[in-house]
Amino acid sequence: FGQSEYQPEIFAYGNRNPQGLTINSETGEIWMHEHGPRGGDELNKLIAAGNYGWPEISYGKEYYGDIQVGSGTHQEGMLQPIYYWTPSIAPSGMTFYNGNDFPEWKGSLFIGALKEQSLIRLEIKDNQVVYEEKLLQNEFGRIRDVATRPNGSIFFITDEANGKLFQIQAID
């Protein structure tokens, strides 16, 4: 940050319980999502020295009662999430899709959802989520991680019954 009160290893701060981190291979941007408290899971595009607000601002509630976390959802000098979920989806791993098997999904961000037991597909335009789709909901249990292969197929792993690995691929 160029400031003496921060360690040089710190890239961004004000994050709560990060669960997924990926690089958009098309833009080089770093994206991360995190578990909020009771709701308020966030998707953020990380920028150097960015303050994402935790614990001062949040879209979640305290675990006891219907009490807002911190001082609300906005505060000067603190970044807003690109997207948030209330109630919580409990996001897990994530990946941008840039394969050729599913051209209609090119550029989509895929996120595993533990609580939702689904694979979330987000379309993002100009740093805004313009469409959210829940795939495979309640078909495979809690989706722990998701990745794409260079050949264009998508892998995901569950954490049910010691974990299982699944592949989504185009059928010729």
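Reader: Is Ser153 buried or exposed in this structure?

Author: In this model, which is a predicted one, Ser153 counts as buried because its relative accessibility is 1%, and the cut-off for buried is under 20% relative accessible area.

Reader: Let me step back to the whole protein. How many helices and strands does it have?

Author: The protein has 11 strands and 0 helices, and so its pattern, read along the sequence, is β-β-β-β-β-β-β-β-β-β-β.

Reader: What is the radius of gyration, and what would a compact globule have?

Author: A compact globule with 172 residues would have a radius of gyration near 16 Å, and the protein has 17 Å, which agrees. Along its principal axes, the C-alpha trace spans about 55 × 40 × 30 Å.

Reader: And what share of the residues is buried?

Author: Of the 172 residues, 42% count as buried. The accessible surface of the protein comes to about 9,300 Å², and 49% of that surface belongs to carbon and sulfur atoms.

Reader: What about contacts between residues 24 or more positions apart?

Author: Among the contacts with a separation of 6 or more, residues 24 or more positions apart account for 45%.

Reader: Which residues is Met94 in contact with?

Author: Leaving aside neighbours within four places in sequence, the contacts of Met94 include Gly20, Leu21, Thr22, Trp31, Met32, His33 and Leu43, and also Leu109, Phe110, Ile111, Asp145 and Val146. As for Ala113, its C-alpha is 9.5 Å from that of Met94 in space, and the two residues are 19 residues apart in sequence.

Reader: Where is Asn44, and is it buried or exposed?

Author: Asn44 lies in strand 3, which covers residues 41-46, and Asn44 is buried, because its relative accessible area is 1%.

Reader: Which side chains make a polar contact with the side chain of Asn44?

Author: One of them is the side chain of Glu34, at 3.3 Å, and another is the side chain of Glu42, at 3.1 Å.

Reader: Changing topic: where are the cis peptide bonds?

Author: A cis peptide bond joins Trp54 and Pro55, with omega at about 5°, and a cis bond also joins Thr86 and Pro87, with omega at about 10°. Pro55 lies in the loop between strand 3 and strand 4, whereas Pro87 has its place in the loop between strand 4 and strand 5.

Reader: What is phi for Ala90 and for Gln117?

Author: Phi of Ala90 is near 55° and phi of Gln117 is near 50°, each a positive value in a residue other than glycine. Ala90 lies in the loop between strand 4 and strand 5, and it is buried because its relative accessible area is 12%. Gln117 is in the loop between strand 6 and strand 7, and with a relative accessible area of 26% it is partly exposed.

Reader: Last one, Thr73: where is it, and what does its side chain make a polar contact with?

Author: Thr73 has its place in the loop between strand 3 and strand 4, and its side chain makes a polar contact of 2.8 Å with the side chain of His74. Thr73 is partly exposed, with a relative accessible area of 25%. Leaving aside neighbours within four places in sequence, it is in contact with Ile57, Ser58, Tyr59, Gln68 and Gln80.

Conventions: Residues numbered from 1 in each chain as written. Predicted model: local features only at pLDDT ≥ 70, side-chain atom pairs only at ≥ 80, totals over all residues. Heavy atoms only, no water. Helix = DSSP H or I, 4+ residues; strand = E, 2+ residues; numbered from the N terminus. Rg over C-alpha atoms; globule rule 2.2 N^0.38 Å. Buried < 20%, exposed > 50% of the residue type's maximum accessible area, 1.4 Å probe, protein only. Contact = heavy atoms within 4.5 Å. Areas by Shrake-Rupley, 256 points an atom, 1.4 Å probe, with all protein chains shown as cover. Polar contact = N/O pair within 3.5 Å; in protein donor to acceptor, adjacent residues only side chain to side chain.
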